[in-house]
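Please look at the aromatic residues and the nonpolar core of this model alongside the points below.

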Amino acid sequence: MNYFCKMGELKKLVEEGKIKYIGLSEASPSTIRRAHAVHPVTAVQTEWSLWARDLEEVVPTCRELGIGIVPYSPLGRGFFSRGAKLVENLTEDDFRKKLPRFQPENLEHNKYVFERVNEMAAKKGCTPSQLALAWVHHRGSDVCPIPGTTKIENFNQNIGALSVKLAPEEMAELESFASADEVKGERHVFMSTCWMNSETPPLSSWKAE
């Protein structure tokens, strides 16, 4: 079924009172616009963190249309909590072991990104994960990151990130640590599923079989 046929069905569910809102995940700007024309989109979810910033091409469209932004993996799949040590302790069935940025040839380079963030966190009196999460929070009042955790200790640290204040020059410095030139490897194993490679064709081009 075409993506926009699905939007039409979701619109019906809203009208019937069965759901309240409609959100999209890893959607391109044009897909967001066309979906929003069928029914208002409440939120768009996609990966956004210090070292995953391609979403920033989608942000202007969301803000123009009044759509909330929900960044998943705001801690870089956990990398900004422990750096290379995180990868050393991943179990064999953890999908993150397959991520390009966590492969040995890239991790050896990327560990320095974490070290620079960690150094700045020490100066700020917070943890590196709090600093990385605070950076996401500072991207706007319409941004609501969803860091995942299975431990109360980490949950409390995530809450603590709300108290970390960053000046514009500190934001810029953090961004320089993890710019596209400073990070090695793609953010996802299957980049074909990400917004820049998942353009949905117009409904007019679709024919039922």
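1. The charged end of Arg 101 sits over the ring of Trp 51, 5.0 Å from its centre; for such a placement, NZ of Lys or CZ of Arg must be within 6 Å of the ring centre and within 35 degrees of the ring normal. The model is predicted, with local features needing pLDDT of at least 70 and side-chain atom pairs counted only at pLDDT 80 or more, while totals for chains, interfaces and linings use all residues. Residues are numbered from 1 along each chain as its sequence is written, and side-chain values use heavy atoms, leaving out hydrogens and water.

2. Seven aromatic pairs are counted, a pair being rings of Phe, Tyr and Trp (its six-membered ring) with centres within 6.5 Å, where planes under 30 degrees apart are stacked, over 60 edge-to-face and the rest tilted. Trp 51 and Phe 79 form a stacked pair, 4.4 Å centre to centre with 15° between the planes, and this pair links distant parts of the chain, 28 residues apart.

3. The rings of Trp 51 and Phe 80 have centres 5.5 Å apart and planes at 70°, so this pair is edge-to-face. Ring pairs link Trp 51, Phe 79, Phe 80, Phe 102 and Phe 114 into a cluster.

4. Trp 51 is buried at a relative accessible area of 5% and Phe 79 is buried at 0%, where buried means under 20%, exposed over 50% and partly exposed in between (1.4 Å probe, protein chains only).

5. In the largest nonpolar core, of 50 residues, Phe 102, Leu 131 and Leu 174 touch the most other members; such a core joins buried Ala, Val, Leu, Ile, Met, Phe, Trp, Tyr and Cys residues through side-chain atoms within 4.5 Å.

Terms used: Helices (H or I, at least four residues) and strands (E, at least two) are DSSP runs, numbered from the N terminus.
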